[in-house]
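I opened the model and kept notes as I went. The entries follow in the order of looking up.

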Amino acid sequence: GTDRTTTLTEGIANIILALEKAAVKRIVTIGTAGILDSRVKPGQFRFQTGESRQKATFAAEEHLKVYQMLKETSLAWTIACPTYLPDGIAAGHYRVAKNVLPIDGMKISVGDTAQFAYEECLNGQFIQARVGLAY
């Protein structure tokens with residue numbers, strides 16, 4: 001886990017530099033649903049409202065910094081933002097929403113999250129966006 005560490009922000013800074021140096025434009029990362037836009041409080045992120053069940057916000061704040069760092073680049077980035085993420089294989093049926101969590105989204109498996117990330121690398125449907133993932 002990355003909670004209580006700056007692994008995410010330190011890592012993405014190095015990744016961004018390496019991508020720019022190698023002239024690679026595409027990156028797909030896995031974030032958290034906490035950095036999606038709030039549906040109930042416009043202008044806030046889910047982790048800042050009652051929409052997120054997480055009480056501690058350090059990890060979400062680190063994911064938010066990654067999002068902000070990627071926004072400042074010219075990279076073709078996408079952040080997959082799953083909600084509760086239990087282990088499980090890809091079932092292949094899930095919902096996505098640009099910059100918000102799908103309505104009534106409660107969970108999505110690790111397998112389906114990985115499948116989304118792989119397919120997004122290939123098709124680039126959500127360039128420079130956060131994507132909420134849930135069943």
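Leaving aside its neighbours within four places in sequence, which residues is Ile27 in contact with? I counted a contact as heavy atoms within 4.5 Å. The list for Ile27 reads Ile12, Ile15, Leu19, Leu70, Leu75, Ala76, Trp77 and Thr78.

Note on the source: this is a predicted model, with pLDDT of at least 70 needed for local features and 80 or more for side-chain atom pairs, while totals for chains, interfaces and linings use all residues. Residues are numbered from 1 along each chain as its sequence is written, and side-chain values use heavy atoms, without hydrogens or water.

**Cores.** I looked up nonpolar cores next. A core here is a set of buried Ala, Val, Leu, Ile, Met, Phe, Trp, Tyr and Cys residues joined through side-chain atoms within 4.5 Å. Buried means under 20% relative accessible area, exposed over 50%, and partly exposed in between (1.4 Å probe, protein chains only). The largest core has 20 residues. Ile27, Tyr67, Leu70 and Ile79 have the most contacts inside it. Elements giving two or more residues to this core are α1 (7-21), α2 (58-71) and β2 (76-82). Helices (H or I, at least four residues) and strands (E, at least two) are DSSP runs, numbered from the N terminus. α2 gives the most to this core, five residues. I also found a second, separate core of eight residues, with Ala80, Phe116, Val131 and Leu133 among them.

**Thr78.** I then turned to Thr78, which lies in strand β2. Is Thr78 buried or exposed? Thr78 counts as buried because its relative accessible area is 0%. For polar contacts I took N or O atoms within 3.5 Å; within protein, one must be able to donate a hydrogen and the other to accept it, and residues adjacent in sequence count only if both atoms are side-chain atoms. The Thr78 side chain makes one with the side chain of Arg26, at 3.0 Å. A polar atom of the Thr78 side chain also lies 2.7 Å from the backbone oxygen of Phe126.

**Cysteines.** How many disulfides are there? With cysteine sulfur atoms required within 2.5 Å, I get zero. Cys81 is in no disulfide. The Cys121 sulfur is 14 Å from its closest cysteine sulfur, in Cys81, so the two are too far apart for a bond. Cys81 is buried at 0% relative accessibility, whereas Cys121 is partly exposed at 45%.
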